[in-house]
Amino acid sequence: MTIDERKNNNLPNNNTIQNLILENREKLSISGVLDVLSFDDQIVILETELGLLTVKGENLRINKLSLDTAEVIVDGEIYNLGYSDKELEKKNGGGFFNKIFK
């Protein structure tokens, strides 16, 4: 399977486009955000149109939050970005939070 085929298989049927713009590992602009599930100065968990997005770092703060335009800007020292599949989380009984509070 080619990279393009994998990309097309992971996209929802409506061909949603999501942009992540990381500037100097200090400013992250994200489009396609549905909700902010959790945040503190070390981790931000966002529900996006393409799955759950976890941002890890230090001194993180949400500089801009607009759910009307589905945009979020996170400032701070960003170390890690990771997606997890929404459908996979539902099948595993809540995933991240379920494992923490077990």
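1. Let's start with Asp75, which lies in strand S6. Keep in mind as you look around that this is a predicted model. Across from Asp75 in S6 you'll find Lys27 standing opposite.

2. Now for the sheet itself. Six strands make up an open sheet, ordered S1-S2-S6-S5-S4-S3, and the pairing is antiparallel. Strands S1 (20-23) and S3 (33-39) stand at the edges; each has a single partner strand, so one side of each is left without a neighbour in the sheet. Going from one strand to the next, the twist averages 35°.

3. Have a look at one pair in particular: S2 (residues 27-31) and S6 (residues 71-84) run antiparallel to each other and are joined over five bridges. As a reminder, strands of a sheet pair through backbone hydrogen bonds.

4. Back to Asp75, and to its charge. Which side chain of opposite charge is nearest to Asp75? That is Arg61, 4.7 Å away.

5. What does Asp75 touch, then? Its side chain makes a polar contact of 2.9 Å with the side chain of Asn63. Setting aside neighbours within four places in sequence, the residues in contact with Asp75 are Glu26, Lys27, Asn59, Leu60, Arg61 and Asn63.

6. How many salt bridges are there by this rule? The count is one. Lys64 and Glu71 form a salt bridge through their side chains, at 3.3 Å from N to O. Lys64 counts as partly exposed, because its relative accessibility is 36%. Glu71 is partly exposed too, with a relative accessible area of 32%.

Technical notes:
Residues are numbered from 1 along each chain as its sequence is written. This is a predicted model: local features need pLDDT of at least 70, side-chain atom pairs count only at pLDDT 80 or more; totals for chains, interfaces and linings use all residues. Side-chain values use heavy atoms; hydrogens and water are left out. A salt bridge is a side-chain nitrogen of Lys or Arg within 4 Å of a carboxyl oxygen of Asp or Glu. Buried means under 20% relative accessible area, exposed over 50%, partly exposed in between (1.4 Å probe, protein chains only). Two strands pair if DSSP finds at least two bridges between them. Helices (H or I, at least four residues) and strands (E, at least two) are DSSP runs, numbered from the N terminus. Axes are lines fitted to C-alpha atoms, for helices over the stretch in contact, and angles run from 0 to 180 degrees between N-to-C directions. Lys and Arg count as positive and Asp and Glu as negative; His and the chain ends are not counted. A polar contact is a pair of N or O atoms within 3.5 Å; within protein, one must be able to donate a hydrogen and the other to accept it, and residues adjacent in sequence count only if both atoms are side-chain atoms. Contact means heavy atoms within 4.5 Å.
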